[in-house]
Amino acid sequence: MRPHSPSIPEKEFTYEALKQSLRLDGRGALELRTPTITFGPELGWVECTYGKTRVVANVDAKMVKPLPERPSEGILTIHSEISPMASVDYELGRPSEEEVTMTRMLDKILRRSDAIDKESLCILAGQRVWHLRLTIHCLADAGNMLDCACLAGIVAFKHVRRPDVEVIGDEVIVVRLASSHAVTYPTPSQHAPEERAPVPLAIHHTPFCVTFAFFSDPTTRPVVDPSLLEQRLSAGTMSVALNAQREICVLHKAGGVPTAPEEILRLLNVAVGIAKDLDKLVEVRLREDWAGRKVEIR
C-alpha cells in the first residue's frame, strides 16, 4: 500500500520549523530519540525502541553442514519482517521497498562487515558448523526503523550464548542450556553440568547505524534520527554504519540531494559521537542483565 502523503498544512508547518532548527518532538537537529534496550527471558531475545519505533530481534542457532566453498566457516543469515502491526502502510506477504532495503542494509552491516567471527562458529571442518539466524520483527514504525533494527540485531548477537562443544573423533559433545530454547542441535551427547559454561559469540566489532535526513531546501540543515513525518518529507537520506573506533562499515546515501564533502565529514563526526554513546549504553545494559540472570546448565 502506498503511504499516505502528509497534508499541505503539515508540510508547511514542518518545513518552516525545520528551517528554524526546530523539530515537532522538541529535539535538536542532531539529537537522537532516547533509545531503550529490553531483554527477554531467553538469551538472544532483545527489544529496542527509538521513541515509539519498536523492533524485536531474536537469534537462534543450530548445527548444520557448512557450505562447500567455506568448509571452516559458520553460517549467518538475517531475516527482517515488517508486518501490518507496524503500520497500515505495510501488507502481509508482500515485502515493501522499506523491508527489502532494511534487510539488505542489515546484511551489509552485520554480516558482510565481519562483525561476527564466522570461523569461530566452526565445530568440525567440513562436517559441522553453527548456523546463526537473526530474525527482526518491526512492531511499530514511527520513523527510522533501520537504526533501531541494527541496534537490536547487534545487541542480540552480543546477548546470545551458545553451548560449548568438544570434539572427540567424529563425535561432538555439547552442553545444553536449560534457560534458553534458542539453541538446538542433533546430537544427544552432553557434558556434566559442572564441566562447561555457555560461550558468547566472538565479535570483532560492534557497528551502529546512524541515519540523517536531507531536505530539498538548501537552507534547511539535515536532521539525525528522522521521525516518520520528517522521513516522508525528506528529499533523501544518508545511513552510515560505524563503530566506536571510528571505523566506517557502510555508507549508503539514498536520494538526489547534492551534499558538500565538508557537510558529509561534519555529519560523520556527529555519527561517531552517537556510536560511542550507543556503545556505552549497550555495555551497561548487558552488564545489568547478565548480573541479574541465572543461566542453568543441564
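Reader: Where does Arg104 lie?

Author: Arg104 lies in helix H2, which spans residues 97-112. The model is predicted.

Reader: Why is Arg104 called exposed?

Author: Its relative accessibility is 60%. Exposed means over 50%, so Arg104 counts as exposed.

Reader: How far apart are Arg104 and Ile78 in sequence and in space?

Author: In sequence, Arg104 and Ile78 are 26 residues apart. In space, their C-alpha atoms are 9.1 Å apart.

Reader: What makes Glu81 partly exposed?

Author: Glu81 has 29% relative accessibility. Buried means under 20% and exposed over 50%. The value for Glu81 falls in between, so the residue counts as partly exposed.

Reader: Which element holds Glu81, and which residues is Glu81 in contact with, leaving aside neighbours within four places in sequence?

Author: Glu81 lies in strand S4, residues 75-82. With those neighbours left aside, Glu81 is in contact with Glu99, Ile136, His137 and Cys138. Met102 is 21 residues from Glu81 in sequence, and the two C-alpha atoms are 9.5 Å apart.

Reader: How many cavities of 30 Å³ or more does a search of the whole structure find?

Author: The search finds one. The largest cavity has a volume of about 40 Å³.

Reader: Which residues line the largest cavity, and what classes do they fall into?

Author: The lining is Leu18, Ser21, Leu22, Arg23, Ala29, Thr220, Arg221 and Val223. By class, that gives four nonpolar, two polar and two charged residues.

Reader: What makes Thr220 buried?

Author: Thr220 has 7% relative accessibility. Buried means under 20%, so Thr220 counts as buried. Thr220 sits in the loop between strand S12 (208-214) and strand S13 (223-224). Not counting residues up to four places away in sequence, Thr220 touches Leu18, Lys19 and Phe215.

Reader: Ser21 also lines the largest cavity. Why is Ser21 called partly exposed?

Author: Its relative accessible area is 44%. That lies between the 20% and 50% cut-offs, so Ser21 is partly exposed. Ser21 is found in the loop between helix H1 (8-19) and strand S1 (35-39).

Reader: Where is Asp225, and what makes Asp225 buried?

Author: Asp225 is in the loop between S13 and helix H4 (228-233). Its relative accessible area is 0%. The cut-off is under 20%, so Asp225 is buried.

Reader: How many helices and strands does the protein have, and what percentage of its residues are buried?

Author: The protein has five helices and 15 strands. Buried residues make up 52% of the 298 residues.

Methods. Residues numbered from 1 in each chain as written. Predicted model: local features only at pLDDT ≥ 70, side-chain atom pairs only at ≥ 80, totals over all residues. Heavy atoms only, no water. Helix = DSSP H or I, 4+ residues; strand = E, 2+ residues; numbered from the N terminus. Buried < 20%, exposed > 50% of the residue type's maximum accessible area, 1.4 Å probe, protein only. Contact = heavy atoms within 4.5 Å. 1 Å grid on protein atoms, 1.4 Å probe; cavity = no way out; pocket = protein on both sides within 12 Å on 5 of 7 lines; lining within 4 Å. Points joined across faces, edges and corners; volume = space filled by probe spheres on them. Nonpolar A, V, L, I, M, F, W, Y, C, P; charged D, E, K, R; others polar.
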